[in-house]
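Have the sequence and the model open as you read.

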Amino acid sequence: MEGTDRAVMTDTWLKKHRLIYLGATRHPFILGIRDGSVDLSSFKRWLGQDYIFVRAFVPFVASVLLKAWKESDDNADIDVILGGVAALNDEIAWFKTEASKWGVALEVVPQQINLNYCRFLESLTSPDVDYTQAITAFWAVETVYQESFAHCLEEGSKTPEELKQTCHRWGNDGFGQYCRTLKSIADRRLEKASKEVVAKAELNLLSILEHEVEFWNMSHGAV
């Protein structure tokens, strides 16, 4: 029975922590994009700060790749994560193009909320954080964006035309499938992990959701 529970551990966690998960994926900033009421200055703030975050995300994903090479029980994991690394190169180029289009300076000072999240990511690159924790954290970060921006593309949404490309970047079906693949890897690893590692991975998930809510708050106007 214990093994069966762990096989769907991520589902168990998302049900257990549903309120904060909804806070991260249905934040007023996202809902504002979906219903067309978003203040474009908030969007521009998010764009500049998220560029900083994505650059900090790169070494984290590289560390996940290295841990997969050392610890994974399935070589296919490396191909999946490598695809994520490659996508980040395109993502950074996209941010530069979007910033130019919106007149957003990318060399902005990172806000404290952003710095806190980046430092948390850096802590996950530590050798003390094993592959199971790292891949679970990777899945969580990507999934929040996928779930959030996909919501802005669903039937009935009134997302402004000028923001639809942004929403499609993370809300598209291909990225959704990628997140489901990461989820499958995380669940496979969690099934075999010790109770201590599972507990640490759950705490990391909660930290990520809290940081995501704070990041949306910052974009929405909170300091």
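## A buried threonine

Thr-159 counts as buried, at 6% relative accessibility; buried means under 20% relative accessible area, exposed over 50% and partly exposed in between, with a 1.4 Å probe and protein chains only. A quick word on ground rules: this is a predicted model, where local features need pLDDT of at least 70, side-chain atom pairs count only at pLDDT 80 or more, and totals for chains, interfaces and linings use all residues. Residues are numbered from 1 along each chain as its sequence is written, and side-chain values use heavy atoms, with hydrogens and water left out.

So where does Thr-159 sit? You'll find Thr-159 in the loop between helix 8 and helix 9 (161-171); helices here are DSSP runs (H or I, at least four residues), numbered from the N terminus. Setting aside neighbours within four places in sequence, Thr-159 touches Ile-33, Arg-34, Cys-152, Lys-164 and Cys-167, where contact means heavy atoms within 4.5 Å.

Gln-49 belongs to helix 5 (residues 40-71) and is buried, with a relative accessible area of 4%. Apart from neighbours within four places in sequence, its contacts include Val-108, Pro-110, Asn-114, Phe-215 and Met-218.

## Two helices side by side

The axes of helix 4 (residues 28-35) and helix 8 (residues 131-151) come within 8 Å and cross at roughly 30 degrees. That makes helix 4 and helix 8 roughly parallel to each other, a label for angles under 35 degrees. Ile-30, Leu-31, Ile-33 and Arg-34 of helix 4 meet Ser-148, Phe-149 and His-151 of helix 8. The residues of that contact split into 4 nonpolar, 2 polar and 1 charged.

How many disulfides does a search of the whole structure find? It finds 0, a disulfide being a pair of cysteine sulfur atoms within 2.5 Å. The sulfur of Cys-118 is 19 Å from the closest cysteine sulfur, in Cys-179, too far for a bond. Cys-179 is in no disulfide either, its nearest cysteine sulfur, that of Cys-152, being 15 Å away. Cys-118 is buried at 14% relative accessible area, and Cys-179 is buried at 4%.

Notes. Axes fitted to C-alpha atoms, helices over the stretch in contact; angles between N-to-C directions. Parallel < 35°, antiparallel > 145°, perpendicular 65-115°, else oblique. Nonpolar A, V, L, I, M, F, W, Y, C, P; charged D, E, K, R; others polar.
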